Amino acid sequence: MKVGFVHLGRESLGIEYLSAVLKRAGHETRLSLDPGLFGENDNVFYLPRLERFFEQTDQVLHDVVAWQPDLVAFSAYTNTYQWCLRMATAIRSKAEAVIVFGGIHCTLVPDVVIRNDCVDYVVVGEGEEAMVDLANALQHGAPTHTIPNVWTKQNGRIVSNDPRPPIADLDGLPFPDKALFEKDVNFEDDYLLLASRGCPRNCSYCCESFVNQLYHHHFFRRRSVDSVMAELIAMRKRYRFREVMFNDAIFFTDKKWLRELLSRFRQEIHVPFRCFGQVQFLDDEVAKMLKQGGCYCIEFGVQTMNERIRRETLRRRETNVHNSRAFRICDRYGLRYDIDHMFGLPGESESDHAMAARFYRGLKRLNRLKCHNLTCFPRTDMARLAREQGIIGEGDVLAMEQGRTGDFFHVDEIRDKDEQRKKAGFVALYKMLPLIPRTCLQTVLKHRWYAALRHVPGWLVVLSQVANALRARDYRFFLYFRYYFLRVRRSLPTALARIFTAPGGLR
Ligand code: B12
Ligand code: SF4
């Protein structure tokens, strides 16, 4: 059976794993990708005018229809769900294929997704086994309405099947089918790998905690060191990558496993790597192992310096003492770190932001401070909490489920114009923070001049980030530019052809 994946955005490990198991089961797969250049999925270069110029929906549609797949598969995030629906509707009008939706948004709201006429099947949760079962059943004309994880419609009625238990042996999966994204991703610069699935934590705003509930807290699993190393060795031969990104939610939860993996990684792979961490899992021993293994940067979520909000609203267990201790350890072992910070948290005050600014400015090896806005994803505890507290209304909940969400701007405080001005000022301040002398920072905070910083031109903020990247020798920052340039160059002929031939578009 021919299975065509249709996707918007960056590399998807989910699609790569699905493609690998489908191929192993004898099916043929293909990817039609709109890289979504300059689109809202891009938190570095979000430029709507250029997005329109580079959008490739018509090309993708043409590509899918021309290949004539039997099954068309979409992997939907909440913020790409509407794009997926538009594409699925267009494909339905031009091709005979069966259409299946999966991915995190479908796992959160399968009952919403299955209601669309253009969707025949929805897969909830981990998809490898369900997708193979579905493709096999469709190929052989066998019944599909009893496959675990699968939702469908029968005589106008919605049929739902509970998810099967998570895959017990992750090592039994084939390696992700990276070939699908070869054209669009420079694997030689950066190789993305998952050594585990799920997360042992349950932060209120994160979809991992929803998945944990769905799987009764048995979703977090780890691959063996042999399996991770086998993938790295095979892919190093193929792509000659210069760097590895371990995309695990928290890379270092198990010291024994880490020690074994990193000693082999250092000897057999020997390239720098970065990973995500959680401050409570970092101690001297772990930091030493990471440094010796080749880690050059860890990304931590701090989100706020207000401990009560972190604990009660975000449901994160670490204290400010844990944070300070972990960053001191990193400093001691020469490990750089990126920090995720959130704006838009209900109940946060100016003094919380000021306290965070002082704290971050005092850190020695802070590489990049990444500012985000609290985003409410449907059916997460955060969404429930916000609804219960009247922060969002029923209309917001429906919009979220339909993937029509923006950031958490509908929180009342943030709607307030004065709050918005201050927030914009703090965002600019945080982005330039590593370059602002401490005495200057004290003055800005003391006189509350931060709101004025929102007038700092965007190019100056970018320039200060470039200067900071140079200072911190953060070559990844420049790699991203290079990566972007290459993708733009690849997409240019299609964009120009579309303008000159001007076919009827989807938008
Ligand atoms: C690694 C990662 C990334 C990586 C790689 C992305 C990827 N999907 O591989 C990168 C850095 C590129 C990334 C980017 C982003 N990410 Co991200 N990412 C993750 C993370 C930590 C793990 C994802 C992963 O690889 N899982 C392992 C694979 C095997 O699982 P999977 O992708 O879920 O796929 C399985 C099932 O979902 C299912 N499935 C998936 N698709 C399909 C399709 C079909 C047809 C079927 C049958 C089944 C199916 O089967 C798959 C195999 O079991 C998750 C956390 C999480 N719990 O998912 C966040 C997460 C997916 N990311 C998230 C977000 C918001 C983003 C960004 C929008 C952030 C940003 N502003 O840049 C971008 C979007 C990029 C894009 N549109 O392409 C959110 C999505 C929330 C939501 N409700 O939409 C998550 C859930 C984190 C969170 N906040 O809770 N991300
Ligand atoms: S630690 Fe990170 S990945 Fe895990 S639940 Fe919290 S936010 Fe999600």
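Biologist: Let's start with R315. Where is the place of R315?

Modeller: R315 sits in the loop between helix 12 and helix 13. Keep in mind that this is a predicted model.

Biologist: What makes R315 count as buried, exposed or partly exposed?

Modeller: Its relative accessible area is 35%. Buried would need a value under 20%, and exposed a value over 50%. R315 is therefore called partly exposed.

Biologist: What is the phi of R315, and what kind of value is that?

Modeller: Phi of R315 is near 55°, which is positive, and R315 is a residue other than glycine. Most residues other than glycine have a negative phi.

Biologist: And H270, where is that residue?

Modeller: H270 lies in the loop between helix 10 and strand 12 (273-277). Phi of H270 is near 55°, again a positive value in a residue other than glycine.

Biologist: How do you know whether H270 is buried or exposed?

Modeller: The relative accessibility of H270 is 60%. The cut-off for exposed is over 50%, so H270 counts as exposed.

Biologist: Which residue just after helix 15 takes a positive phi?

Modeller: That is G390, with a phi of about 75°. As for helix 15 (residues 381-388) itself, its buried residues are D381, M382, A383 and A386. They pack against helix 8 (207-214), helix 12 (307-313) and helix 16 (394-401).

Biologist: Why is helix 11 called oblique to helix 13?

Modeller: Helix 11 (residues 284-293) and helix 13 (residues 320-333) pack at about 40°, with their axes 10 Å apart. What remains is oblique, so helix 11 is oblique to helix 13. Their crossing is right-handed.

Biologist: What does each helix bring to the contact?

Modeller: D284, A287, K288 and K291 come from helix 11, and I329, R332 and Y333 come from helix 13. By class, the contact of helix 11 with helix 13 has three nonpolar, no polar and four charged residues.

Biologist: How do helix 14 and helix 19 run, parallel or antiparallel?

Modeller: The axes of helix 14 (residues 350-361) and helix 19 (residues 438-446) come within 11 Å and cross at roughly 180°. Anything over 145 degrees counts as roughly antiparallel, so helix 14 is roughly antiparallel to helix 19. The contact is made by A354, A357, R358 and R361 of helix 14 and R438, L441, Q442 and L445 of helix 19. By class, the contact of helix 14 with helix 19 has four nonpolar, one polar and three charged residues.

Biologist: Now for the inside. How do you know whether W83 is buried or exposed?

Modeller: W83, found in helix 4 (residues 81-94), has a relative accessible area of 3%. Buried means under 20%, so W83 is buried.

Biologist: What about S196, buried or exposed?

Modeller: S196, in strand 9 (residues 196-197), has 3% relative accessibility and therefore counts as buried. Leaving aside its neighbours within four places in sequence, S196 is in contact with F220, R221, R222, R223 and D248.

Biologist: How many residues does the largest nonpolar core have?

Modeller: It has 103 residues, and those with the most contacts inside it are L232, F246, F251, L290 and Y360. A second, separate core of 32 residues includes A76, L85, L108 and C207. In soluble globular proteins, nonpolar side chains tend to be buried together.

How values were computed
Residues numbered from 1 in each chain as written. Chains lettered and ligands numbered in written order. Predicted model: local features only at pLDDT ≥ 70, side-chain atom pairs only at ≥ 80, totals over all residues. Heavy atoms only, no water. Axes fitted to C-alpha atoms, helices over the stretch in contact; angles between N-to-C directions. Helix = DSSP H or I, 4+ residues; strand = E, 2+ residues; numbered from the N terminus. Parallel < 35°, antiparallel > 145°, perpendicular 65-115°, else oblique. Left-handed = near helix turned anticlockwise from the far one by under 90°. Contact = heavy atoms within 4.5 Å. Nonpolar A, V, L, I, M, F, W, Y, C, P; charged D, E, K, R; others polar. Core = buried A, V, L, I, M, F, W, Y, C linked by side-chain atoms within 4.5 Å. Buried < 20%, exposed > 50% of the residue type's maximum accessible area, 1.4 Å probe, protein only.
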